[in-house]
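The sequence and the model are shown first, and the description follows.

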Amino acid sequence: GTNADVFVQLYGSEGKGEKVNLDNKSDNFERGQVDTFKIECRDIGDVHKLRIGHNGKGLQSGWHLEKIVLYKATQKRTPHKARWDKDSIKKYYFTCNRWLARSEDDGEIIRELIATDQDGNPISHIGMVTYSVSTHTSDISGAGTDSNVFITLFGEHGDSGERALKKSDNLNKFERNQADVFTISGVGLGVLSKVKIRQDDSGGTSAGWHCSHIEVAVEGSANRVFPCQRWLDTDEDDGQISRELVALPEGMTIADAEDAGLHLASRRTTYNVIVYTGDLFGAGTDSDVFVQLFGEKEDSGPIALKSCKSNSINKFERDGKDTFFVECVDVGNI
């Protein structure tokens, strides 16, 4: 069992649901126990995968998950109230039988599971794959970081969710002019279009990171290269600690792109985000604030509002106006 906070996210033929925390009582997820939760979200079509994980907090955070059974039903509205339509119920099975624990198995605390029928037959044609992710730190002064680094992969079949880059083939990760290789397992995403890379600014005086590029390999497909060549640093560049990186054309290397003079930011857009805090007692906050943009094409994912262009010292104060420049892939009309 686990005392950590557990979350789940569903993916289907018509998109994905929001990340939802599973919490309905104080003693969930105990040994040999079955826990039942109700999740409401927009219709995402036929479910093909599920991501389950926890935050790793607590004295007994390790968790061995056997399986998940998902009942999907739509609501039938009557003149007085909405009722569950029993005829619409579909059942999906997700078998895990693995640890979600930093001290067990492969040390991962997030698992992606394929939807199957009761006999274990996959519902969709999408299978499990292992991605090899290479991060390349630039060869400039101060380029390395001691912060924690995270990545999200995006493809034609959805996204990987944010994954911590923990276990490298190097003892000291993200050092100047160094390549670090990590593995990420999950349901196949098809052709990759972009990645989102983030550092959590936890590295003290060595928090900032200058990333040259990211390279992702998967068996059976050509490697995809994602140029960055920018700082992820609150004190450098535009102050952002996360970047969305667009893939180069298949087969093109960083050297090829530079020789061709390719504009690496061609699909990225900068948004001007202005935050107005209310004029009420206690309205301001000292918490970390995030924004997520949703458009007709896609969404930006959570973006930390760290570096304020109008107020560099105290952000989100009572009756204040704070301006941020947020760069990400063009999401279309918001």
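Val69 belongs to strand E5, which spans residues 63-72. In this predicted model, Val69 is partly exposed, as its relative accessible area is 32%. Together with Tyr71 and Ile89, Val69 makes a nonpolar surface patch of about 280 Å².

**A four-stranded sheet**

Another part of the model holds an open sheet of 4 strands, arranged in the order E14-E10-E16-E17 with antiparallel pairing. Strand E14 (179-187) and E17 form the edges of this sheet, each pairing on one side only. From one strand to the next, the twist averages 20°. As a general point, the strands of a sheet pair through backbone hydrogen bonds, in a parallel or an antiparallel manner.

Strand E16 covers residues 209-217 and runs antiparallel to E17, with 7 bridges joining the two. Trp209 faces Leu232 in E17 across this pairing, and Glu215 stands opposite Val225 of E17. The hairpin of E16 and E17 has 6 residues between the strands, and Gly220 there adopts a positive phi near 95°.

Although E17 is an edge strand, 8 of the 9 residues in E17 (residues 224-232) are buried, so this strand is largely enclosed by the rest of the structure. In a regular strand, side chains alternate between the two faces of the sheet.

**Cysteines and accessibility**

How many disulfides does the count come to? The count is 0 disulfides, where a disulfide requires a pair of cysteine sulfur atoms within 2.5 Å. Cys211 is buried, its relative accessible area being 0%. Cys308 also counts as buried, at 8% relative accessibility. The threshold for this label is a relative accessible area under 20%.

The accessibility values given above are collected in the following table.

| Residue | Relative accessible area | Class |
|---|---|---|
| Val69 | 32% | partly exposed |
| Cys211 | 0% | buried |
| Cys308 | 8% | buried |

Note on methods: Residues numbered from 1 in each chain as written. Predicted model: local features only at pLDDT ≥ 70, side-chain atom pairs only at ≥ 80, totals over all residues. Heavy atoms only, no water. Patch = residues over 30% accessible without salt bridge, like charges linked within 9 Å, V, L, I, M, F, W, Y side chains within 5 Å. Areas by Shrake-Rupley, 256 points an atom, 1.4 Å probe, with all protein chains shown as cover. Salt bridge = Lys/Arg side-chain N within 4 Å of Asp/Glu carboxyl O. Buried < 20%, exposed > 50% of the residue type's maximum accessible area, 1.4 Å probe, protein only. Pairing = 2+ DSSP bridges. Axes fitted to C-alpha atoms, helices over the stretch in contact; angles between N-to-C directions.
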